[in-house]
Amino acid sequence: MQISFKKATSVRQLNEWKRQLAAGGSRIVKQKAIRLEAGKQLLLAKQKPHVVKDMDIQRWALTTNRDVGLAGFTALSWYYGIGDRKITKFVTEKYLKEELEMKKNADECVALVKSRIQAYGQDCLWNADQSGFEYEMRPGRTLDFVGAKHVLALTISENSMTYSYTVMMCVFPGTRKFLRILFLTLQEDKGVFGPIVKRTMFKDRNLHVTASTSGKMTKQLFIEWCERVLFPHMHRHCIFLADSWPTFADQDVFEEVKPEELEYEMITIPPKVIGQIQPLDVLFPHVQGILPKELRLDIPE
């Protein structure tokens with residue numbers, strides 16, 4: 001016995017194993033079974049996602065112990081890798097159902113863009129969006145004495161904290177990477193530049209500067225962007241990938257200013273899924289081909 005079974009050190013050890021088998025397993029085995037069942041219930045609860053407290057883990061552990069039969073077991077309010085966390089967002093069941101639909105829409109959009117890239121190449125795919133900037137960037141928090149009712153911070157101008165401007169960027173994964181002309185919309189009270197501003201404004205051939213009352217793009221400015229910036233740089237075929245901004249979705253706007261010889265197609269990213277689509281989700285198979293060998297990854301598509 002001692003030669004064939006190294007763990008059987010004595011007759012006493014054999015008797016101990018016999019007792020453990022009769023009791024349904026050792027204490028360590030029973031503790032592991034309780035821990036696994038409590039962890040399973042926790043994962044099921046977080047998939048809903050329900051609010052889980054210490055008493056819930058204790059209840060799951062004590063309920064499992066009725067079947068396991070671990071003598072003297074007391075459930076503690078502690079579990080491996082689990083801690084009390086602040087809830088950052090409350091969601092409804094409707095949101096959870098929509099989340100599955102959004103994931104499906106995102107995958108379908110990525111598949112469509114990939115098929116277009118394979119058919120026409122990367123040079124035909126363009127993506128544009130407007131980004132808003134405030135004239136003065138400032139942090140939202142600062143250090144101060146505990147209990148202070150009013151926390152002040154200095155700024156150069158109050159107007160610079162509320163007035164903003166918009167930049168319309170247009171990029172693509174081809175050789176040029178971005179359009180050579182930057183479309184800029186500044187905020188003006190009447191939506192137009194005064195004579196002094198027009199005379200003193202900085203001008204350059206790679207800038208197209210406009211104005212609006214809000215500092216944001218309007219439908220008319222978008223038409224101007226298509227006519228003056230986008231279409232003059234398009235050749236043969238253009239695939240425009242845009243978000244679900246209503247003005248983007250208005251196909252009649254493009255038809256008014258699109259050159260007749262240009263083949264134009266628009267792909268709209270479904271609402272609420274932009275955060276789920278990353279550039280490499282779309283371009284990974286094509287980026288793989290241009291990376292150096294030492295940086296490539298053997299990951300299936």
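Modeller: Accessible area here comes from the Shrake-Rupley method with a 1.4 Å probe. This is a predicted model. By that method, the accessible surface of the protein comes to about 22300 Å². Carbon and sulfur atoms hold 56% of that surface.

Now go inside. Of the 301 residues, 30% count as buried. The protein has 10 helices and six strands. Take the contacts with a separation of 6 or more: 70% of them join residues 24 or more positions apart.

Next, the cores. In soluble globular proteins, nonpolar side chains tend to be buried together. The largest nonpolar core here has 27 residues. Within this core, Phe222, Trp225, Phe231 and Phe240 touch the most other members. Several elements give two or more residues to the core, among them strand E1 (125-134), strand E5 (237-242) and helix H9 (251-257). Helix H7 gives the largest share, seven residues.

Zoom in on Phe231. Leaving aside neighbours within four places in sequence, Phe231 is in contact with Cys226, Phe254, Val257, Lys258, Pro259, Leu262 and Tyr264. There is also a second, separate core of 14 residues, including Met102, Val110, Val113 and Ile269.

Thr185 lies in strand E3 (residues 182-187). Thr185 counts as buried because its relative accessibility is 0%, and the cut-off is under 20%. Its side chain makes a polar contact with the side chain of Thr210, at 3.1 Å. Not counting residues up to four places away in sequence, Thr185 also touches others, including Tyr165, Met217 and Leu221.

Key:
Residues are numbered from 1 along each chain as its sequence is written. This is a predicted model: local features need pLDDT of at least 70, side-chain atom pairs count only at pLDDT 80 or more; totals for chains, interfaces and linings use all residues. Side-chain values use heavy atoms; hydrogens and water are left out. Helices (H or I, at least four residues) and strands (E, at least two) are DSSP runs, numbered from the N terminus. Buried means under 20% relative accessible area, exposed over 50%, partly exposed in between (1.4 Å probe, protein chains only). Contact means heavy atoms within 4.5 Å. A nonpolar core is a set of buried Ala, Val, Leu, Ile, Met, Phe, Trp, Tyr and Cys residues joined through side-chain atoms within 4.5 Å. A polar contact is a pair of N or O atoms within 3.5 Å; within protein, one must be able to donate a hydrogen and the other to accept it, and residues adjacent in sequence count only if both atoms are side-chain atoms.
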